[in-house]
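Dear colleague,

I am handing over the structure below, together with a short account of what was found in it. Please read the notes alongside the coordinates.

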Amino acid sequence: MNEEQPSLPAWELSEPSPPPVIVLGMHNSGTTLLAQILHRHGLFLGANAGMSESYFFSHFIANRIVLGGQEAAWTQLPIMGVDEVLSHQRAVERLIRDHWRIDYIQWGYDGMGPWGFKDPRSCILLPLYLQIFPEAILL
């Protein structure tokens, strides 16, 4: 079955969205509970992966782009320096610019409301996300 991407009017794609809320913390630190509470109070998290995580940010950004296709468990992730993390900025910016809103809309995001994501790898990728989203709210 071939599913089409949601079609958005051009004005919706050009309208700015609020800065994201990035839920930070390693596994078993309470981030899933925090994400669930935030979601119930109106923050769209694109939680279409396990543990209230966004598949877009955890799979496409972290695993495919930054970690080079690795699907390793969080305990097996490489320790990356800030320079190495930031070396992926252009590719990540392009992917986010071209796809994040469409991905979130297919999961129910209205395209303009408060949004964010939770992924344990965000602790490692924070320097990158702060370059892309300088006004992000960090929790």
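Apart from its neighbours within four places in sequence, His-39 is in contact with Phe-44 and Leu-45. Please keep in mind that the model is a predicted one. A polar atom of the His-39 side chain lies 3.4 Å from the backbone oxygen of Leu-43, while the C-alpha atoms of His-39 and Ser-52, which are 13 residues apart along the chain, are separated by 9.1 Å.

Thr-32 is also found in helix α2, which comprises residues 31-40, and Thr-32 counts as buried because its relative accessibility is 18%, the limit being under 20%. Its side chain is joined to that of Lys-118 by a polar contact of 3.2 Å, and, leaving aside neighbours within four places in sequence, Thr-32 is in contact with Met-51, Ser-52 and Lys-118.

Turning to the helix packing, helix α5 (residues 89-106) and helix α6 (residues 122-132) pack at an angle of about 60°, and their axes are 10 Å apart; that angle makes α5 oblique to α6. The crossing in which α5 passes α6 is right-handed. On the α5 side the contact is made by Gln-89, Val-92, Glu-93 and Ile-96, and on the α6 side by Leu-128, Gln-131 and Ile-132. The residues of this contact divide into four nonpolar, two polar and one charged.

Terms used. Residues numbered from 1 in each chain as written. Predicted model: local features only at pLDDT ≥ 70, side-chain atom pairs only at ≥ 80, totals over all residues. Heavy atoms only, no water. Axes fitted to C-alpha atoms, helices over the stretch in contact; angles between N-to-C directions. Helix = DSSP H or I, 4+ residues; strand = E, 2+ residues; numbered from the N terminus. Parallel < 35°, antiparallel > 145°, perpendicular 65-115°, else oblique. Left-handed = near helix turned anticlockwise from the far one by under 90°. Contact = heavy atoms within 4.5 Å. Nonpolar A, V, L, I, M, F, W, Y, C, P; charged D, E, K, R; others polar. Buried < 20%, exposed > 50% of the residue type's maximum accessible area, 1.4 Å probe, protein only. Polar contact = N/O pair within 3.5 Å; in protein donor to acceptor, adjacent residues only side chain to side chain.
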